[in-house]
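Here are my notebook entries from a first look around this structure.

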Amino acid sequence: MRDVASLDLVNSLEKRPEWSIMGGKDHFLIAGRITWDFRKASDEETDWGNKLLFLPAAKNMSMLVVESSPWNANDF
């Protein structure tokens, strides 16, 4: 349930003709949260955050967050 907004965002972006040109590599998202809020590794409802940055389409985007991950190259 917590991932519904992330899935809706990615689904709506993938339907746009602009997305298909580079598969999202030319897309940039700004979030006022830390990267860990977007990196939920499991589907357990008790885990924190959502899985936006683990979705295949979102791995192509660049994302500006308050605190980035040193292990991932797509968040800054």
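**Entry on Phe38.** I began with Phe38 and set aside its neighbours within four places in sequence; it is in contact with Ala31, Arg33, Asn50, Lys51, Leu52, Leu53, Phe54, Met63 and Val65. Contact here means heavy atoms within 4.5 Å.

**Entry on the ground rules.** I noted that this is a predicted model, where local features need pLDDT of at least 70, side-chain atom pairs count only at pLDDT 80 or more, and totals for chains, interfaces and linings use all residues. Residues are numbered from 1 along each chain as its sequence is written, and side-chain values use heavy atoms, with hydrogens and water left out.

**Entry on the core.** I looked up the largest nonpolar core and found 13 residues, of which Phe38, Leu52 and Met63 touch the most other members. Such a core is a set of buried Ala, Val, Leu, Ile, Met, Phe, Trp, Tyr and Cys residues joined through side-chain atoms within 4.5 Å. Buried means under 20% relative accessible area, exposed over 50% and partly exposed in between, with a 1.4 Å probe and protein chains only.

**Entry on Asp37.** I checked Asp37 next, and it counts as buried because its relative accessibility is 9%. With neighbours within four places in sequence left aside, Asp37 is in contact with Trp48, Gly49 and Asn50.
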